[in-house]
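Here is a friendly walk through one model, written to be read with the structure open beside it.

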Amino acid sequence: MPVDAPPPRIRSDDPASFAASVLRDRHPAIVARVLADLPLPAAARDGLAGLLQDPTVTPLPRDAHDHEDWDRWGEPYFGQSMFEVPFLWAENYFYRRLLHATGYHEPGPWRGIDPFGPQKAADLPGEDELRAVQESGDALLHLPEDEQASALVAAALWGNRADLGFQLAHGLAQAQADLVADDTELLWKRLAGGGTVCVVADNAGRELLPDLVLIDFLLRAGRVRRVELHVKPAPYFVSDALTADVLAELRRFPADSAIGRRLWAALRAGTLELVTDPFYCAPLEFAQLPAGLAARFGAATLTILKGDLNYRRLVGDRSWAPETSFADVTGYFPGPVAALRTVKSDVVVGLAAGVEERLPASWRTSGAFAMVQVRG
Ligand SMILES: O=P(O)(O)OC[C@H]1O[C@](O)(CO)[C@@H](O)[C@@H]1O
């Protein structure tokens with residue numbers, strides 16, 4: 001059933017809201033970290049300071065390569081405070097301004113330097129972790145199918161909280177207990193049949209590792225023929241994965257690691273393809289997909305969207321009643337879609353009646369709960 005009267009978009013104008021806390025507290029901390037991590041020149045430091053001093057939404061400077069796009073996207077919001085415009089839009093705008101301040105897109109010595117690079121480098125898995133993952137990946141092949149499914153999905157879901165050793169003991173049981181919506185079985189059924197699966201990545205580092213393990217497993221076990229791994233075209237929301245981050249992670253695998261070698265070979269062979277698109281750093285939702293991405297998702301057996309941000313962009317960053325049907329709000333998506341999301345913001349759909357009442361007050365933003373939702 002189509003959702004014809006969606007609730008309002010979330011804004012940050014209530015000082016007590018999570019959205020306001022992100023703009024007010026988290027953004028200055030992000031800027032401070034960038035300033036501490038990189039010896040940026042004075043003009044860049046001033047640009048970053050200006051971004052925090054004045055929350056007014058203004059057009060991008062005329063030398064920004066994409067200022068015409070932002071003129072269009074920002075037209076309804078110019079002159080307003082970032083706290084008054086939709087939260088998701090304001091966050092996108094913040095990251096775009098931050099990249100302009102550090103000169104990421106502009107010609108010059110700082111072009112292409114990831115302002116979050118030092119943070120991402122610190123989160124790359126170590127050799128011991130990668131060896132453990134290699135062993136667990138091999139062991140997985142010999143487990144019953146339902147255990148393979150729950151271990152791989154739980155690891156991909158929980159990222160660095162997951163037990164990457166895939167030990168099906170305490171870690172996994174806890175991970176399952178904290179799932180507030182669980183379509184793992186349906187997800188696993190869809191991850192078969194030999195077609196193409198699109199994985200829209202979220203964070204690099206320890207969260208990307210289980211995504212790579214899942215991809216390797218699906219290809220190795222012959223459950224799918226091809227995987228597209230969609231990454232961001234530019235640094236975004238601090239930890240989001242770029243092509244460079246995927247390569248850095250693959251290079252981390254020890255030379256004798258079979259997983260690392262298989263993934264490298266799959267990239268060469270095209271059974272694993274890296275995909276990116278400007279859409280991924282635009283202040284838009286998946287309902288506004290460009291034709292190229294819509295065609296890819298339409299042709300895929302399944303698209304898996306990882307993380308909270310992709311979830312917000314999938315269902316719409318709105319104050320939905322939590323029991324609103326996931327299938328209804330994602331009905332526009334061009335093909336079967338799954339969301340694997342640790343809940344880190346206020347947006348929720350697809351909850352069974354009565355579930356929310358049993359959860360702690362802060363459950364939507366504590367990062368302690370997760371959802372696996374599928375529209376097949
Ligand atoms: O890395 P994830 O799971 O996409 O989470 C990003 C989340 O972090 C925030 O930017 C701020 O906490 C949220 O607004 C956003 O949804």
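## Two helices, α1 and α4

The crossing of α1 and α4 is right-handed, a term used when the near helix is turned clockwise from the far one by less than a right angle, with anticlockwise giving a left-handed crossing. Helices here are DSSP runs of H or I with at least four residues, strands are runs of E with at least two, and both are numbered from the N terminus. Before going further, please keep in mind that this is a predicted model, in which local features need pLDDT of at least 70, side-chain atom pairs count only at pLDDT 80 or more, and totals for chains, interfaces and linings use all residues. Residue numbers start from 1 along each chain as its sequence is written.

Two packed helices are described by the angle between their axes and the distance between the axes. For α1 and α4 the angle is about 15°, and the axes are 11 Å apart. The axes are lines fitted to C-alpha atoms, for helices over the stretch in contact, and angles run from 0 to 180 degrees between N-to-C directions. With that angle, α1 is roughly parallel to α4; angles under 35 degrees count as roughly parallel, over 145 as roughly antiparallel, 65 to 115 as roughly perpendicular and the rest as oblique.

Which residues of α1 and α4 meet? From α1 come A19, V22, L23, H27 and V34, and from α4 come F87, A90, E91, F94 and T102. Contact means that the C-beta atoms of two residues, placed from the backbone, lie within 7 Å. The α1 contact with α4 has seven nonpolar, two polar and one charged residues. In this scheme Ala, Val, Leu, Ile, Met, Phe, Trp, Tyr, Cys and Pro are nonpolar, Asp, Glu, Lys and Arg are charged, and the others, Gly among them, are polar.

## α4 also meets α2

Helix α2 (residues 42-53) and α4 have axes that come within 8 Å and cross at roughly 160°. That makes α2 roughly antiparallel to α4, and their crossing is right-handed. Here A44, G47, L48 and L51 of α2 meet R97, L98, H100, A101 and T102 of α4. This contact has five nonpolar, three polar and one charged residues.

## Where the domains touch

How is the chain divided? There is a domain 1 (18-115) and a domain 2 (124-375), with bounds from an automatic or database domain assignment. Taken over C-alpha atoms, the centres of domain 1 and domain 2 are 28 Å apart. Domain 1 brings 14 residues to the contact, and domain 2 brings 11 residues.

On the side of domain 1 that touches domain 2, α1 and α4 (87-102) each supply at least two residues. The most come from α4, with seven residues. By class, this side of domain 1 has 12 nonpolar residues, one polar and one charged.

## Around the ligand

The ligand has 13 residues around it, of which V22, G307, D308, L309 and S345 come nearest; a residue is near a molecule or strand if its C-beta atom, placed from the backbone, lies within 6 Å of it. Two or more residues of this shell come from each of α1 (18-37) and α14 (307-315). The largest share, four residues, is from α14.

Why does the ligand lie between domain 1 and domain 2? Both domains give residues to the shell around the ligand, so it lies between them. The shell has three nonpolar, four polar and six charged residues.

## A further pair, α7 and α10

Helix α7 (residues 145-158) packs with helix α10 (residues 208-220) at an angle of about 150°, their axes 8 Å apart. That makes α7 roughly antiparallel to α10, and the crossing of α7 and α10 is left-handed. L152, A155 and A156 in α7 meet P210, D211, V213, L214 and F217 in α10. This contact holds seven nonpolar residues, no polar and one charged.
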